[in-house]
Amino acid sequence: NNLDTLYRQVIMDHYKNPRNRGSLDDESLTIDMNNPTCGDRIQIHLQIEDGKVEDAKFEGEGCSISLSSASMMTQAIKGQPVEDALKMSKLFSDMMLGEEIDPEGLELGDIEALQGVAKFPARIKCATLAWKAMEKGVNHEQ
Ligand code: FES
Ligand code: FES
């Protein structure tokens, strides 16, 4: 349907024009994580100050789902309190379980475009890779 087409376009746009691709300075936190099912790996860079994600970037190689998800994730959490970034991560994993999500005022940006991935269990690990890496980094900081 039209919504699926729109979502596919959003995913391809993030894949072709990634937001926040690159690295941050040495002071930032870097989390390197691989998807064991395919061996692809990505690095998430986070600059966290006073409980807020001041900046977020990503590098690495992977499929269109993993890279577009990393792009959407960095876009969604940038400038947000760490607490909200973790809430978004929880919402995203609920979405990957095929659940309807209620953003409760959080600005989720484009991440809802990935909800169709929930129908393909093999790709869920691709979609959640960047979020898992972000969570790992944030939890380490707290
Ligand atoms: Fe990512 Fe096949 S390209 S699961
Ligand atoms: Fe490797 Fe999707 S196939 S991250």
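1. Which residue stands opposite Glu-49 in strand 3? That would be Lys-52. Before going on: this is a predicted model, with local features needing pLDDT of at least 70 and side-chain atom pairs counting only at pLDDT 80 or more, while totals for chains, interfaces and linings use all residues. Residues are numbered from 1 along each chain as its sequence is written, and chains are lettered from A and ligands numbered from 1 in the order in which they are written.

2. The sheet is open, with 3 strands in the order 1-2-3 and antiparallel pairing. Strands here are DSSP E runs of at least two residues, helices are H or I runs of at least four, and both are numbered from the N terminus; pairing takes at least two DSSP bridges. Strand 1 and strand 3 sit at the edges with a single partner strand each, so one side of each has no neighbour in the sheet. From one strand to the next, the twist averages 20° (angles run from 0 to 180 degrees between N-to-C directions, with axes fitted to C-alpha atoms, for helices over the stretch in contact).

3. Strand 1 (residues 29–34) pairs with strand 2 over 6 bridges. Ile-31 has Ile-44 as its bridge partner in strand 2, and Asn-34 stands opposite Arg-41. Their hairpin has 6 residues between the strands, and Gly-39 takes a positive phi near 85° there.

4. Strand 2 and strand 3 pair over 9 bridges. This hairpin has 2 residues between the strands, with Asp-50 in the turn at a positive phi of about 45°.

5. Now the helices. Helix 2 lies across strand 2 and strand 3, at about 170° to strand 3. The axes of helix 2 (residues 64–77) and helix 4 (residues 121–141) come within 8 Å and cross at roughly 35°. Residues meeting there include Ser-69 and Ala-70 from helix 2, and Ala-127 and Trp-131 from helix 4 (contact means C-beta atoms, placed from the backbone, within 7 Å).

6. Met-73 deserves a look: leaving aside neighbours within four places in sequence, Met-73 contacts Ala-130, Trp-131 and Met-134. Met-73, Ile-77, Ala-130 and Met-134 have the most contacts inside the largest nonpolar core, which has 34 residues. Such a core is a set of buried Ala, Val, Leu, Ile, Met, Phe, Trp, Tyr and Cys residues joined through C-beta atoms within 7 Å, buried meaning 20 or more other C-beta atoms within 10 Å of a residue's own. Helix 4 gives this core its largest share, 9 residues.

Key: Two residues are in contact if their C-beta atoms, placed from the backbone, lie within 7 Å. A residue is buried if 20 or more other C-beta atoms lie within 10 Å of its own, exposed if 12 or fewer, and partly exposed in between; C-beta atoms are placed from the backbone.
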